[in-house]
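Take a moment to look over the structure below. Keep it in view while you read.

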Amino acid sequence: MCARAGPWTSATGSASAASPRPSPPRPSCQLADEGRLSLDASVEHYLPGLVQGNGYDGTKITVRQLLQPTSGLPDHGEALATAGVEWLRHHHFTPQDLVRRVLRLPPPAHPWHYSTTNYILAGLLIEKATGRPAEAEISRRIIKPLDLHDTYWPGDAERIRGPHSRSYFTTEESGKAVRVDGTEWNTTAGGTGGALVSTPHDVNTFFAALLDGRLLSPARLAEMRTTVAGDPERLGPDGRYGLGLITEPLSCGGVWTGHTGSTRAGHHGIGAVAPDGRQVTVVVNETPTTDTAAATLLAAVDTALCPPAR
């Protein structure tokens, strides 16, 4: 049996440090713990009139369904898929604008559909419950208490602070695939669904604190970890989703718990925790575009969490 190793960091490529943009901490469950939000209340109850029209009805969508995500809402990224790269690079989006764009789209075909829009709405719920900007509340409740020194909300700033790798993605221009440098990018399109800048170390710190019970009551954490089947095309045949948490099987038994995160601008990361507490965060500076590339990343996570016996 292999003894548990201490922290280990490795980087390959042209840069020595990575700055992923992860799915951010979500204090919605903390507010539920405090009785300031009900996970089973409707979105309409807290945000009247915002999710209405084109067949969408906020009275039939609960806060729990936003976090699950089984709300039936598409991802606003789909509405921006054909927008010009340079316009996207510099454009400032508000949460309300992103929600309006979603309501013009048809509903997803699968009842479980990962949609960053759900977390845009969760951010608005945080603001409604606390009277403070969601970014400020997340910083107060999560980022500062956990000393996540390299995690911050960039706002409209397009440059990442400190050492970082470049970020790339492939788009289509005039019928041809073009590789674009997305390092300088306005991330407001991610909002509270992904506009944080962070590091693998901070992502590991966050997941450790969440899953060992430092951020939520035992009952609320158990709710977060209660999963439903996801879309096999997105999570694979055995992937499941809780309240903002993904689980995937490990080759050595059990499942890892964590989340993936990516942006249109390019960075993609996976933060995962094994049943024994072993952790890994894997980051690449170009979002995988093939099933093979995505499978390779998952295999790297599995290798890190299931090392061979010595």
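The paragraphs that follow go through helices, loops and strands in turn.

This is a predicted model, in which local features need pLDDT of at least 70, side-chain atom pairs count only at pLDDT 80 or more, and totals for chains, interfaces and linings use all residues. Residues are numbered from 1 along each chain as its sequence is written, and side-chain values use heavy atoms, with hydrogens and water left out.

Helices (H or I, at least four residues) and strands (E, at least two) are DSSP runs, numbered from the N terminus. Contact means heavy atoms within 4.5 Å. A residue is buried under 20% relative accessible area, exposed over 50%, and partly exposed in between (1.4 Å probe, protein chains only).

Start with two helices. Helix α6 covers residues 95-102, and helix α7 covers residues 116-130. Their axes lie 10 Å apart, and the packing angle is about 140 degrees. Axes here are lines fitted to C-alpha atoms, for helices over the stretch in contact, and angles run from 0 to 180 degrees between N-to-C directions. The angle makes α6 oblique to α7. Angles under 35 degrees count as roughly parallel, over 145 as roughly antiparallel, 65 to 115 as roughly perpendicular, and the rest as oblique. The crossing of α6 past α7 is left-handed. That word applies if the near helix is turned anticlockwise from the far one by less than a right angle; clockwise would be right-handed.

Which residues of α6 and α7 meet? On the α6 side they are Pro-95, Gln-96, Leu-98, Val-99 and Val-102. On the α7 side they are Thr-117, Ile-120, Leu-121 and Leu-124. Helix α6 has buried residues: Asp-97, Leu-98, Val-99, Arg-101 and Val-102. Their cover includes β2 (56-57), α4 (76-79), α5 (85-90) and α7.

Now follow α7 to α8. The axes of these two helices come within 8 Å and cross at roughly 80 degrees. Helices α7 and α8 are therefore roughly perpendicular to each other. Helix α7 brings Gly-123, Ile-126, Glu-127 and Thr-130 to this contact, while α8 brings Ala-134, Glu-135, Glu-137 and Ile-138.

Is Asn-118 buried or exposed? At 0% relative accessibility, Asn-118 counts as buried. Its side chain makes a polar contact of 2.6 Å with the side chain of Ser-71. A polar contact is a pair of N or O atoms within 3.5 Å; within protein, one must be able to donate a hydrogen and the other to accept it, and residues adjacent in sequence count only if both atoms are side-chain atoms. Leaving aside neighbours within four places in sequence, Asn-118 touches Leu-66, Pro-69, Ser-71, Leu-73 and His-113.

The peptide bond from Gln-68 to Pro-69 is cis, with omega near -15 degrees. Most residues other than glycine have a negative phi, and most peptide bonds are trans. Asn-54 is not a glycine, yet it has a positive phi of about 55 degrees. Find Asn-54 in the loop between β1 (52-53) and β2. At 52% relative accessibility, Asn-54 counts as exposed.

Next comes the loop between α8 (134-143) and β3 (168-173), where Arg-161 is found. Arg-161 is exposed, at 56% relative accessibility. Asp-147 is in the loop between α8 and β3 too. Its phi is positive, near 55 degrees. At 48% relative accessibility, Asp-147 counts as partly exposed.

Thr-192 lies in the loop between β4 (176-181) and α9 (200-211). At 11% relative accessibility, Thr-192 counts as buried. Its side chain reaches the backbone oxygen of Tyr-119 at 2.7 Å.

Finish with the strands. Strands of a sheet pair through backbone hydrogen bonds, either parallel or antiparallel. Two strands pair if DSSP finds at least two bridges between them. Strands β3 and β4 run antiparallel, joined by 6 bridges. Glu-173 stands opposite Lys-176 in β4. The hairpin has 2 residues between the strands, and Ser-174 takes a positive phi near 55 degrees.

An open sheet holds 6 strands in the order β5-β6-β7-β8-β9-β10, with antiparallel pairing. Strands β5 (228-229) and β10 (279-284) stand at the edges with a single partner each, so one side of each has no neighbour in the sheet. Within the sheet, 6 bridges join β8 (residues 255-262) to β9 (residues 268-273). Gly-258 stands opposite Ala-272 in β9.
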